[in-house]
Amino acid sequence: SSDLAYLCSKVRPQIAVAVLAFILCSQPMVTMLLSSPADLDMTKFLVATKEVFTGSLFIFLLIAGKRCDRFNYVDKLAIGFLLVYLAYFVTSPAPIMLSALSFREAFMVVLFYFLGRIMFTDFRDMQDSIYSVIAAAVFLCLFGIFERIFLSDAVWNQLGAVTYSMTKRGSIALSQNGLVPAQWYTYVGGTAIRRMVSTVLDPTSLARFLAFPLVAMMFIRGRIHKSYGVYPIKLALIALLSSCVLLAFGRGGELEIITAIGFVAYYKYGFKVLVPLVPVILYVLLQTQMYSLDSEEAMRHAGSLVDGLHELLKKPLGGGLGTAGQEVSNYTTGTSADGSESYFASLAYQTGVPGIVSYFAFFLALTFYLIRKSRASAMGKEYVLIAGIGFSIFWTSLLADSAIAPISSGLALYFLGSTVSMKARMKAQALIERRSALAIHQSELGHQYA
């Protein structure tokens, strides 16, 4: 991973993003095929491939001289959030391994953001990088369709789906036939339906991964967007990705898409559209079984959020990293630890008020920054769309820890950082052009009076 990261630090951003997208997509499948119940350390090493690659790429880019153009308040809040985690890591009473695993959650959020900040160059590179992500998403969809049609539960079991999940998480619930993890199934009208997992091997992560490239195709202008021959292909790809999000039955991904579209609708039409539309959408969603407040999933996530609020009142300063959260569930007994469903609850149990405040401050400031900058830019729609993706990651993480997982949101966080850099560099370029024009004007005046 380190050698590959070094090579990627020497090429154009879109190539590095393509490699990163491929690693995020393929790591679970490769790990499943190579993992063994007898070699737990090897499994965990393979699972960490994406973290090693991303961290190495960031370091090599820094060594090569890549930097943020200028630190803004969003960057400072991101570092503040990480410093809070670092303080709780140092003082945690939990075993060092569990503390480090919990620290990794915040570290990867901030790392992906700053990777976008330093690696990005201009809007053309952003367009090309999005094409790379779309290509990865299409690959996931095509393999997802293939596995849904041709790979039975028995085949997945032979490939090691259960073994992989158990070595990664400790212990898991199995489906009714005992051949695949229980989360691979959902129930609609009492009927069990197998969810699409593709090479990600997790339907929730798959839906969240597809959310960003889907809305990017809908709203972000491409370099060939004016060609009429492109529209049928674009519509076909949108239909493909939308279908696969639905086949994954991933509520988180669907809510991210709805939120991003809502932000664009607000940008174009203002509150006059959102005020009547939002209640209608909420009512329709709540009438479906997937989003019913009475469902077991909804009760579990909501219960974790409420538990986090109660813990915040009992222990405002938290108990230290590694004392609660999803990582504790995954890497100890596999049982449900405190705050294992909601990232908000995980923060409340581990870092208390400081962690909650710093996390909220970072994401809300990031959203506000992009929306505010959109008002004075010809690319306002793109800024608002990316802001919507960032806000959707934030608010869905209040209910689900998976919202900030690298596969789920890593690339979206990268583009959030890229968009911040794009605005800063466009502003710097505009300033240079104004100064150049002023110098030329003054020179012309000097010649006139000479």
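Predicted model: local features only at pLDDT ≥ 70, side-chain atom pairs only at ≥ 80, totals over all residues.
Q: Which way do strands β1 and β2 run, and how many bridges join them?
A: Strands are DSSP runs of E with at least two residues, and helices are runs of H or I with at least four, numbered from the N terminus; two strands pair if DSSP finds at least two bridges between them. Here β1 (residues 185-188) and β2 (residues 191-194) are antiparallel and joined by four bridges, with Y187 opposite A192 in β2. The two strands form a hairpin with two residues between them, and G189 in the turn has a positive phi of about 60 degrees.

Q: How many disulfides does the structure hold?
A: A disulfide is a covalent bond between the sulfur atoms of two cysteines, counted here when the sulfur pair lies within 2.5 Å. The structure holds zero: for C25 the nearest cysteine sulfur, that of C141, is 9.7 Å away, and for C244 the nearest, again that of C141, is 3.4 Å away.

Q: Is E147 buried or exposed?
A: Buried means under 20% relative accessible area, exposed over 50%, and partly exposed in between (1.4 Å probe, protein chains only). E147, in helix α7 (residues 123-150), is buried at 0% relative accessibility. Contact means heavy atoms within 4.5 Å, and, residues up to four places away in sequence not being counted, E147 touches W156, R194, M196, V197 and S198.

Notes
Residues numbered from 1 in each chain as written. Heavy atoms only, no water.
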